[in-house]
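Please view the model below before reading on.

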Amino acid sequence: SRYMLLGKGKNINLVFIGHFLTIFFPLLFSEDSFRYHVYQNYLLQLFWIFVYVCNSKEQSKFMLSPSVLSSLYLLISFILADLLFRNDLYLLKQQYLYYLSWNHIRIAACYYNACFFILIMTYKLSIPVFIKNGLNRKKAVKPLFFNDFISLFLLFVFLYYNIQIDLPGGNIDLPIIAATLLAIIIFIRISEIHSLYRFILYIGVIAIFAIFRFDNKREAIFLFFPIVLLELSKIKSNIFKITNILKMFLVIIGAFSLIIFMSIKRADNSQNTNSITSLTDILPQFIKYLSAETVLPIIADNLEVNYVYINSHQAIEFIENKPTLKTYGSTYIKPLFLFVSRELYPEKPEAVITLYTREFDAAAAATGYCLPLSLQTEAYWNFGVLGGLVSIFIIFLILNCCYKYILISLEQRDTIANVFYLYVYYVFFILYRDSGFEKVILWLPVAYFFLKSIKIIYNKK
């Protein structure tokens with residue numbers, strides 16, 4: 001039926017209504033008593049996401065959509081962090097003190113509940129908008145540049161060098177963009193292998209990325225998602241079959257191991273030590289890491305779940321306590337002034353992460369340090385509850401339209417175009433984490449020009 005939310009199941013509309021009603025679950029409690037039910041509230045929202053995935057006609061494609069992944073990113077962080085803070089498990093006392101001071105937790109929870117509901121709506125309402133571009137999708141293109149050995153060699157080269165271009169709106173790490181594109185090229189080639197050994201090859205490429213660029217932890221972790229999209233988008237059967245669950249479990253274990261490895265290497269770098277000098281050092285260091293007394297807060301810190309939870313709710317506390325902080329859309333137009341220096345235009349809008357960090361920790365903000373905020377939180381910072389929900393509806397409607405177009409494009413045979421589309425999908429995760437529109441505007445044209453140049457060179461041969 002055209003009125004069904006996601007597809008199969010006669011009772012899905014009742015699920016839709018049930019989900020809508022649970023938006024207001026926090027209002028059943030007083031402000032003080034709800035503090036003991038925060039994680040339960042978000043568990044309930046996680047349950048609805050699970051129900052929608054189960055009732056979707058194309059479970060894998062729906063689960064990998066901006067709507068679901070963005071929701072899972074926040075929900076899992078909220079649940080895990082709340083459980084840790086409830087049990088006095090934390091590393092940063094400042095975060096814990098803010099957690100204890102919250103007086104608007106019900107408003108925040110209702111807002112995020114509504115965001116999760118709206119995100120599901122935007123997936124259903126989105127259509128695969130065609131965006132005309134210069135990358136020819138009509139024929140297969142596999143130039144010499146895509147030779148496996150050449151791609152692997154260039155991956156090493158770009159990972160070895162670190163070239164930063166500083167701009168008024170941020171910086172561009174050209175080698176990391178090129179290395180990411182090359183990794184995606186190799187992923188596409190690996191995905192054509194039918195043997196399960198391809199998963200070892202996937203992990204090998206990401207391991208190379210992690211070893212050379214252990215300070216780029218997020219970029220390495222985000223590389224898992226183009227792989228997942230390549231693999232799960234092929235699945236037509238139930239995503240919860242044992243074999244599919246095993247694949248997802250392996251991805252999670254791989255990502256988690258990578259996070260631990262890169263965290264150990266970053267700690268070594270900051271302390272001028274070198275605890276991992278060979279492969280035989282990895283297991284002992286992992287055991288040492290996992291056996292620490294504060295292992296749970298340390299893992300939470302490395303996964304950033306505590307930052308996501310605290311920043312998402314503290315930002316709303318700041319706005320509710322001081323409504324004059326609302327920026328009424330100025331953080332959204334900031335990318336228009338990307339190449340304008342603040343010295344030339346002092347009234348240039350500031351990024352939401354700068355404004356928030358200034359309130360959270362003025363001393364840290366003065367050093368240039370910024371705390372990330374999600375798209376949902378930035379929307380609230382700009383417009384409050386109602387305006388924030390409208391903003392989220394528009395933003396995720398656009399993201400889901402792009403995502404559905406990417407899915408259609410991946411069915412074509414143009415390798416160069418598919419690399420670009422997978423890179424766009426990869427960049428989406430920058431938005432989910434810290435609403436980095438400036439990074440998207442900076443990175444995508446560079447990636448497009450890189451691939452376009454390759455195609456021009458190939459066509460001249």
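On a 1 Å grid over the protein atoms alone, a cavity is a set of points where a 1.4 Å probe fits but cannot get out, and its lining residues have an atom within 4 Å of a point. This is a predicted model, in which local features need pLDDT of at least 70, side-chain atom pairs count only at pLDDT 80 or more, and totals for chains, interfaces and linings use all residues. Residues are numbered from 1 along each chain as its sequence is written, and side-chain values use heavy atoms, with hydrogens and water left out.

The structure holds 2 cavities of 30 Å³ or more. A volume here is the space filled by probe spheres set on grid points, which are joined across faces, edges and corners.

| Cavity | Volume |
|---|---|
| Largest cavity | about 60 Å³ |
| Second largest cavity | about 40 Å³ |

The lining of the largest cavity includes Tyr 73, Glu 304, Tyr 307 and Arg 433. Helix α16 gives the most to this lining, with 4 residues; helices are DSSP runs (H or I, at least four residues), numbered from the N terminus. Among the residues lining the second largest cavity are Ala 81, Leu 84 and Pro 297. There α5 (66-86) gives the most, with 3 residues.

Glu 304 lies in the loop between α15 (295-303) and α16 (305-321). With a relative accessible area of 13%, Glu 304 is buried, a term for values under 20% (1.4 Å probe, protein chains only). Glu 304 and Ala 81 are 223 residues apart in sequence, yet 9.2 Å apart in space, C-alpha to C-alpha.

Notes: Helices (H or I, at least four residues) and strands (E, at least two) are DSSP runs, numbered from the N terminus. Buried means under 20% relative accessible area, exposed over 50%, partly exposed in between (1.4 Å probe, protein chains only). On a 1 Å grid over the protein atoms alone, a cavity is a set of points where a 1.4 Å probe fits but cannot get out, and a pocket is an open set with protein on both sides within 12 Å along at least five of seven lines; lining residues have an atom within 4 Å of a point.
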